[in-house]
Amino acid sequence: MAEVESNKGSHSFGETTEAQKSVFDLGAFVGDLTVEEDASSDDVSLEGLQQELEECQNDDVVANILSKGTKLREYTKGVENNLRQVELDSIQDYIKESDNLVSLHDQIRDCDSILSQMETLLGGFQAEIGSISSDIKILQEKSMDMGLKLKNRKVAESKLAKFVEDIIVPPRMIDIIVDGEVNDEYMRTLEILSKKLKFVEVDLMVKTSKALKDVQPELERLRQKAVSKVFEFIVQKLYALRKPKTNIQILQQSVLLKYKYIVSFLKEHGKEVYTEVRGAYIDTMNKVLSAHFRAYIQALEKLQLDIATSSDLIGVETRSTSLFSRGREPLKNRSAVFALGERINILKEIDEPALIPHIAEASSRKYPYEVLFRSLHKLLMDTASSEYLFCDDFFGEESIFSEIFAGPFVVIDEHFNSILPNCYDAIGLMLMIRIIHQHQLIMSRRRIPCLDSYLDKVNISLWPRFKMVFDMHLNSMRNANVKTLWEDDVHPHYVMRRYAEFTASLIHLNVEYGDGQLDLNLERLRMAIDDLLVKLAKTFPKPKLQTVFLINNYDMTISVLKEAGPEGGKIQLHFEELLKNNTAIFVEELLLEHFSDIIKFVKTRASEDPSSVSERPITVSEVEPLVKDFASRWKAAIELMHSDVITSFSNFLCGMEILRAALTQLLLYYTRLSDCIKRIVGGSSLNKDLVSISSIMYEIRKYSRTF
């Protein structure tokens, strides 16, 4: 109440002194206070007063008290009186509420009693829970221990079960091994037996076990029985390969490969027996394949068409006595000695099936040896590929192939060695070389290397033989007897045609291979034929006939080379140059034969200048006979030239080209003569006898139309 009154007083004072409050200074005001001294002033400490005053500076109550100027002691007494009054009022309130407080006390005491009972009960629960927790912990430890024991026992059980399973010999397995037939079930049982045998041999712990002592004798007896039984079975299957008309590849794929595990079993558990099986298979297949190839070769030999003998050489005359030794051999077979013709098709049919002899024999057909050679090696490749893959799959050995094919290789080599020394067909030999190359590519694409060494050996044997036959052709031209070869005929010589066909054939066979050594040999052959042809030409009595003979042969050679393909190369270019040079020579000879006076005059006198001072100037009287002679017979002379060309040259197109070249050259000579006459004094008097250039051009065009 005193505080309320104080606040009221403060508020009233604040209203009256509002202007002074804004400039109120607590420190200054406090500094004016006077404190009465009392007996206890010596015990009062003023330390910290300044700080407390600063803290109370913003307090409203303190500020109001100080602003009213009330003394502290009076204010303190008022506060104490107020507090005393409040205390008395509180006591009266407590006295009024005493009954309620007693009731509250009783209730608290009852609650305390209940809570005490609950505390006792909960304490019992806590003790029981502690006991249960201890039991659970013990059970947990026991459970973990039992789980570990169970795990260890399971591991031990699995190992023991596996050991028992691997070492035990079931009665069913014994029955199958001893009494069962060799079939798929028998093969599976063999695999189980193999695992058991490996188990007791490999594991050191098993070797020391007592169980092995009981089981091992039984396993050994089973092994011996299984080895004996499968040996008899597989040998019977192998002997089935020896039966006549047996399809070996079908038997291998459909029967033997089904039982290939038998070979693996024998290799692991019966090495001595495996060696016998391996030897039996090698011996069987060696004999069977050798017999097959021998029979096939004998059948092929009946189909062979002999193409060439040792006397069928480029430089050997056709009237040779060896001609009669041929009997009635068709002429088309004779042409195959030097011309490639359809024989090139064998390279396009390189992967065709091999010939079936009895079918070919029934049709009464004969084949060049390269066709038989391809068929034989096609059969060899297919058989070898199949056998190589079978041996690798069935025996797991690639080396067994070479032992099996030792016999067939001997049979083929014997045949080839009997054929090759008597082979004088250079075209056929080159075809065989190309066939071997193609077969090597085929085997390479198949990724089967089993015939690499054999094909290399055949290729190596073919090249020297080809070189020898080629040199025989070369020497036949170098050593040719020109007198016996010469024929009184300017048309292409048969020796030159042989050369052209032979060269074109070899060039064609070398297109995709680019064999430099063959190119060098062909160049040697060309040089030899050049020499021989010139020698033959010189046997003609007249130069003109010599030139015609050379032109006909060169033209024929170029035509043959072009027919073979656009690969004539430098050999064709060489003959084209010779043809060009000899054509120019013939043109001059032909013109000299009919217009020698004009040509002589044009070459010697037409280039002189009539206006210049000369010992013997050109006169009208000198050229007049030439002009009149030309005018009187030039058409007849051209007709004679045409007839001469038609009869002299085998190739009509070539003859017409030469005639046109001759007429063009004649026009040039006559044009020069006309120009010379124009420069002669009085030459205009000969204009009436001059043949017009247009007339000559007309005749040239007339023959060009014929061309």
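Before you click, one term: a residue is buried if its relative accessible area is under 20%, exposed if over 50%, and partly exposed in between (1.4 Å probe, protein chains only). By that cut-off Asp644 is buried, because its relative accessible area is 16%.

Some ground rules: this is a predicted model, where local features need pLDDT of at least 70 and side-chain atom pairs count only at pLDDT 80 or more, while totals for chains, interfaces and linings use all residues. Residues are numbered from 1 along each chain as its sequence is written, and side-chain values use heavy atoms, with hydrogens and water left out.

**Stop 1: Asp644 and Lys544**

(A salt bridge is a side-chain nitrogen of Lys or Arg within 4 Å of a carboxyl oxygen of Asp or Glu.) The two partners are 100 residues apart, with Asp644 in helix α28 (residues 620–648) and Lys544 in helix α26, so the pair links distant parts of the chain. Helices here are DSSP runs (H or I, at least four residues), numbered from the N terminus, and strands are E runs of at least two. Is Lys544 buried or exposed? Lys544 counts as buried, because its relative accessibility is 17%.

**Stop 2: α25 against α26**

Now select residues 516–538, helix α25, and residues 543–564, helix α26: they pack at an angle of about 145°, with their axes 8 Å apart. Axes are lines fitted to C-alpha atoms, for helices over the stretch in contact, and angles run from 0 to 180 degrees between N-to-C directions. Show side chains, and you'll find Leu533 and Leu536 among the α25 residues that meet α26, where the partners include Phe549 and Leu550. Contact means heavy atoms within 4.5 Å.

**Stop 3: Arg343 and Glu370**

Jump to Arg343, which forms a salt bridge with Glu370, the closest N and O atoms being 2.8 Å apart. Arg343 sits in the loop between α15 (331–335) and α16 (345–348), and Glu370 is in helix α18 (residues 369–394). Both Arg343 and Glu370 are buried.

**Stop 4: Glu657 and Arg660**

Next, pick Glu657 and Arg660, another salt bridge, with the closest N and O atoms 3.1 Å apart. They are separated by about one helical turn, because they lie three residues apart in helix α29 (residues 652–679). Glu657 is partly exposed, with a relative accessible area of 38%, and Arg660 is partly exposed at 32%.

**Last stop: a network**

Finally, select Asp351, Lys378, Asp382 and Arg446, which are linked in a network of salt bridges. How many salt bridges does a search of the whole structure find? The search finds 26.
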